Amino acid sequence: MPGNKYNGSPAYVPGRVERLLRERELRKNSRAAHSNDAADGFRPFEFADNDLCLREVENSRNSHDDRFLEGAFAARQIEVCERHDGRPFRQRLLVVANRLPVSAVRRGEDSWSLEMSAGGLVTALLGVKGFEARWIGWAGVNVPDKVGQDALTDALAQKKCIPVFLDEEIVHQYYNGYCNNILWPLFHYLGLPQEDRLATTRSFQSQFAAYKKANQMFADVVNQHYEEGDVVWCHDYHLMFLPKCLKEYNTNMKVGWFLHTPFPSSEIHRTLPSRSELLRSVLAADLVGFHTYDYARHFVSACTRILGLEGTPEGVEDQGKLTRVAAFPIGIDADRFIRALDTQQVQVHIRELKERFAGRKVMLGVDRLDMIKGIPQKILAFEKFLEENSYWHDKVVLLQIAVPTRTDVPEYQKLTSQVHEIVGRINGRFGTLTAVPIHHLDRSLDFPKLCALYAVTDVALVTSLRDGMNLVSYEFVACQDAKKGVLILSEFAGAAQSLGAGAILVNPWNITEVAASIAQALNMPAEEREKRHRHNYMHVTTHTAQEWAETFVSELNDTVVEAQLRTRQVPPPLPVKDAIEKYLGSNNRLLILGFNATLTEPADTPGRRGDQIKEMDLKLHPDVKEPLMALCGDPQTTLVILSGSDRAVLDENFGEYNMWLAAENGMFLRLTKGEWMTTMPEHLNMEWVESVKHVFEYFTERTPRSHFEQRETSLVWNYKYADIEFGRLQARDMLQHLWTGPISNASVDVVQGSRSVEVRAVGVTKGAAIDRILGEIVHSKSMTTPIDYVLCIGHFLGKDEDVYTFFEPELPTDSLGIIRTRANEGLKNPSERRSSLKLMPNKSGTKAAPVRTQRPSPNPEKRSNSHHGNRSGKPTPPEKVSWNVLDLKGDNYFSCAVGRTRTNARYLLSSSDDVVSFLKDLADGKITG
Ligand SMILES: O=P(O)(O)OC[C@H]1O[C@H](O[C@H]2O[C@H](CO)[C@@H](O)[C@H](O)[C@H]2O)[C@H](O)[C@@H](O)[C@@H]1O
Ligand SMILES: O=c1ccn([C@@H]2O[C@H](COP(=O)(O)OP(=O)(O)O)[C@@H](O)[C@H]2O)c(=O)[nH]1
């Protein structure tokens, strides 16, 4: 028997939130135990700037081991079991980022010195302790020779870093080009640069090719170092291609991807030429993380709008595979800053700064010299403040630290000159012989100097035009517990979501507003400063980098557990070999095939707003003609196309074959050699049609690119080509209106598809119709032996999946919610219906379904309205089939859903291509696999 729901109910498994809460508790307890150890003079993790904090002091009592031993936490259980020797082990974390935490400087042929890299990503990850971590990345330097590469590899190994060697050309096209000239500005809402088609190095295509190549090089290195059970955490926009490359190596690798920049609105992402490929590659990861809910929302929306995938509160779903998407706001290692303030080195700097700027309020900006940081706008706002507040001219100074970055990219070079020009002008305008209002430094500061600066600052000015998070604002707050200075913070920095309540939030583009905020900050009463600071300080000291990393890794582990649980609920793929063998060994076979998405040409991008005109005109898959012809030419095989489409569509596509066509979900039937007849249940109430049509017309008019189809027994409103979010809202609105109005008392079923709303007369389902269809076939073929093989393949709506269960030889209990219904039993209660279908043993002792088939009683009203009739043109008297029509010998039944994983079918095929290839083998009697 197949391994889906027919196998009984699984043991209790805690839900995701329950598991994550337990994990969080374990972490808290573990941390408490560590802080007790520290109080006893025992420090479980050592931090030293020169050690980059990647090394953890070995500790036999390390509670991380205990976590792995914690039996209740499913992810850990799996980890432990994965080890061949059964011993517990500490999970390794492979951090993969473009930049290593150190940049290498060559001192000789085989000697290197390592310097700390700048930037928020490095700072944040250095704040993470307690993992058995390895950092894989580029050392920021070209090393063409083997001697140099070996020496650098050794030097980096001391710091638990592993280099990826990128040559100059790749760095130019991948890092300067695709990453920093295309993705970076786009993700920060600065748009795409003009493509320079004359210079090959500046074409999107060549830069994207280099980007993919570089990502593959990162993947190669990860793969060399990967050990079973490791967690691989990919970082940032440089490595959007990496999750896909890694999963290609090993589908079992646990892969997380985190974006440190904003993810822009899907309207912005849409402009990127490689938009779909990048999204798909990221979706290969198990968990995708962003700093804020907004970025996560934008990403999901890009996947729905651009790729046509399903966005759920959990993430993005593609053919049953879920990529979890969530927000994980980063933090800093606040303690490191707080501790530093007490060091002698920092205290000396603080004294110097206080002396140097005595009598003046200090305003501070610390940014990489990047256009996203809004440095020109900040300085212009400061100028406006000086213009409007002459009192402050000699009483305030703005210290702007502008750390040089990406200096090979022309846009960054232009920015440097622009900033110098503005600073020079303002200093010329407001400076005196002894003092200037702006101190601008084009360089980075070491950690003690930076801490001292943060500590003496009265007002920090963070005016990023867009910023993933902005850790400078966090660091400033951490160093301000004595002074309680004011933070002016751009509302476009991710940090505005967390520090928004304590900071003065500004729109950095509004120079007047920023100037006014400077005045407000400088004049703020101590009590208000204190209150605001408390709020921010609490946040910064509790939402740390450590917390961030632990949460991410814990969710990544859990996502994999969740995926395994989900996979168990997904039916297995169609056992092609078995299905063909059983087909060949049978004498009277019935094949029921759907049409749309089962036998049609695959759409370019399924689910996406594609070429509406082309797609709406359903066309048979070009390769299916031959096998179909062969199958329906076999006298031992009966082929039925069972579709929601109307008669004309089936006529057009299948007219030339010798088969049965069942249109409108089986309400109309014909042998291709004969005429259409109706199989509709008698007294089908269709009085609701006009009022529902009125509603459908209304919504079609108001929902661009939606359309509706009127069929004999149903009305379908389809919004597949409309804006997906708007379509969903409209559908909700429509349903609400229908339920309370036109169909409140009507005898109809409403069937919600993923992008459609269908209203049908009660009893119109494929499962209900198949009973009558079968009766007609048995009668027409004058069958004398039972059908001993049924294959039913389709991409059917949930409601129509009753056709799969109709043939189940051993139906489970009613708890499944699916009942083998017969439309003409519509008025009976479920228990009666079930009992009327009790399975009876046949001669061979196996079970067979007695189709007490009543030949279709044509609906006279319908027949007079149509040109079609049944073969005799007369109503056929009801007639019972007295022998067992079906004898499936238990297992000669294959129900198979196409491209759906939540299904009642026993098996799956993923696309119409797979269906076609299977039908080819079936027709050829070719047993493969
Ligand atoms: O490595 P570079 O090209 O020199 O750039 C430095 C880093 O800049 C970006 O930092 C971001 O990460 C921070 C931490 O999450 C966040 O606070 C900030 O808003 C971002 O801009 C970039 O994302 C990193 O990859 C770079 O290393
Ligand atoms: O001279 C400097 C100035 C800044 N930084 C660090 O650079 C990081 C900047 O991170 P942020 O998130 O603010 O922005 P990013 O530069 O990553 O975009 C902060 O941790 C700063 O401490 C530094 O190492 N040296």
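Helices and strands here are DSSP runs, numbered from the N terminus. With that in place, I can say where Arg711 sits: in the loop between strand E23 (707–710) and strand E24 (714–718). I will come back to that arginine at the end.

First, the model. It is a predicted one. The protein chain averages a pLDDT of 83, and 81% of the residues score at least 70. The scores for the model are ipTM 0.95 and pTM 0.79.

Next, the aromatic rings. A pair of rings is described by the distance of the centres and the angle of the planes. The count comes to 34 aromatic pairs. Take Tyr178 and Tyr211: their centres are 4.8 Å apart with 50° between the planes, a tilted pair. Tyr178 belongs to helix H6 (residues 168–187) and Tyr211 to helix H7 (residues 204–225), so this pair links parts of the chain 33 residues apart. Are these two tyrosines buried or exposed? Tyr178 has a relative accessible area of 1% and Tyr211 one of 0%; the cut-off for buried is under 20%, so both count as buried. They also belong to one aromatic cluster, together with Tyr174, Phe208, Phe218 and Phe241.

That region carries over into the nonpolar cores. The largest core has 97 residues, and the members that touch the most others are Tyr174, Tyr211, Phe290, Phe299 and Phe385. H6 gives the largest share of this core, 11 residues. What does Phe385 touch, leaving aside neighbours within four places in sequence? Its contacts are Trp392, Val396, Ala515, Ile518, Ala519 and Leu522. There is also a second, separate core of 91 residues, with Ile743, Ala761, Val790 and Phe807 among them.

Now helix H22, which covers residues 576–584. Ala579, Ile580 and Tyr583 are its buried residues. Seen down the helix axis, they fall within an arc of 95°, so they line one face of H22. The cover over these residues includes strand E18 (589–593), helix H24 (625–632), strand E19 (637–642), E27, strand E30 (893–898) and helix H32 (912–924).

Which residue lies over the face of Tyr583? That is Arg589, at 4.0 Å from the ring centre.

Last, back to Arg711 in its loop between E23 and E24. Why does this arginine count as buried? Because its relative accessibility is 14%, and the cut-off is under 20%. Not counting residues up to four places away in sequence, Arg711 touches Gly644, Ser645, Glu664, Val716 and Glu758. Two of the names in that list are glutamates, Glu664 and Glu758. That is where I will stop.

Key. Residues are numbered from 1 along each chain as its sequence is written. Chains are lettered from A and ligands numbered from 1 in the order in which they are written. This is a predicted model: local features need pLDDT of at least 70, side-chain atom pairs count only at pLDDT 80 or more; totals for chains, interfaces and linings use all residues. Side-chain values use heavy atoms; hydrogens and water are left out. pLDDT is the predictor's confidence in each residue, from 0 to 100. Rings of Phe, Tyr and Trp (its six-membered ring) pair if their centres lie within 6.5 Å; planes under 30 degrees apart count as stacked, over 60 as edge-to-face and the rest as tilted. Helices (H or I, at least four residues) and strands (E, at least two) are DSSP runs, numbered from the N terminus. Buried means under 20% relative accessible area, exposed over 50%, partly exposed in between (1.4 Å probe, protein chains only). A charge sits over a ring if NZ of Lys or CZ of Arg is within 6 Å of the ring centre and within 35 degrees of the ring normal. The arc is that of the directions from the helix axis to the C-beta atoms. Contact means heavy atoms within 4.5 Å. A nonpolar core is a set of buried Ala, Val, Leu, Ile, Met, Phe, Trp, Tyr and Cys residues joined through side-chain atoms within 4.5 Å.
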